[in-house]
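Here are my notes on the model, as numbered points. Please read them with the structure open.

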Amino acid sequence: MKALLIVDPQIDFISGTLPVAGADKAMDRLAETLPAIAVDEIIVTMDCHPIRHCSFKENGGIWPPHCVKYSVGAAIWPPLMQALIEARQPVTFIEKGTAVERDQYSAFDEAYPALLDDAEEIYLCGIAGNVCVLNTLKDLARHGLGDKITVITDAAPSLDDGTALREMIEETDVKITTLNQL
């Protein structure tokens with residue numbers, strides 16, 4: 001079984017309150033490529049913050065308000081959402097960052113979906129490469145899944161120049177690919 005794990009492909013990270021340069025193009029390309037990606041399962045993580053989340057600057061955090069649950073900014077990027085609706089594979093959505101007093105950069109800090117145990121390959125991409133994708137990679141590697149992970153580098157735009165994710169890829173020795181190679 002092969003799985004595609006898309007981290008936080010949400011409007012606020014693309015054109016909203018916390019945009020990542022190049023995220024629109026990366027998620028559009030992912031949406032266009034999705035029908036041709038040979039996977040059996042698709043998992044999408046999503047920030048789903050309460051209105052007064054601890055990560056927001058006005059509450060002592062470092063980020064502007066973003067991905068407030070039920071807001072437009074929390075929605076999946078429309079072209080990608082349409083591709084997910086049309087996908088032939090099962091799609092699972094996992095919310096994170098739902099507790100007011102707990103920040104969460106990875107949906108898998110404590111556990112991960114059991115279906116990933118059956119995966120022989122986990123393609124990992126999403127936003128932002130140096131924050132939530134990076135922490136997702138760290139957690140999955142810590143859970144013993146590092147040897148199954150292939151990062152789709154051109155579908156993981158970062159707030160930095162990509163250095164942090166590249167360094168973690170080298171440190172964990174996971175595989176890499178691009179959308180053109182899938």
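1. Helix α3, residues 129-142, lies across strands β1, β3, β4 and β5. The helix runs at about 160 degrees to β4. Bear in mind throughout that this is a predicted model.

2. The sheet under discussion is open and is formed by 6 strands, in the order β3-β2-β1-β4-β5-β6, with parallel pairing. Its edge strands are β3 (91-96) and β6 (175-177), each of which pairs on one side only. From one strand to the next, the twist averages 25 degrees.

3. On the β5 side, V151 is the bridge partner of L124.

4. Is E41 buried or exposed? E41 is buried, and it has no salt bridge. The nearest side chain of opposite charge belongs to R88, 12 Å away. A salt bridge is counted only within 4 Å, so R88 does not qualify as a partner for E41.

5. What does E41 touch, leaving aside residues up to four places away in sequence? The contacts are M1, K2, A3, L4, Q89, P90 and L115. K2 is on that list, but E41 still has no salt bridge.

Methods: Residues are numbered from 1 along each chain as its sequence is written. This is a predicted model: local features need pLDDT of at least 70, side-chain atom pairs count only at pLDDT 80 or more; totals for chains, interfaces and linings use all residues. Side-chain values use heavy atoms; hydrogens and water are left out. Two strands pair if DSSP finds at least two bridges between them. Helices (H or I, at least four residues) and strands (E, at least two) are DSSP runs, numbered from the N terminus. Axes are lines fitted to C-alpha atoms, for helices over the stretch in contact, and angles run from 0 to 180 degrees between N-to-C directions. Contact means heavy atoms within 4.5 Å. Buried means under 20% relative accessible area, exposed over 50%, partly exposed in between (1.4 Å probe, protein chains only). Lys and Arg count as positive and Asp and Glu as negative; His and the chain ends are not counted.
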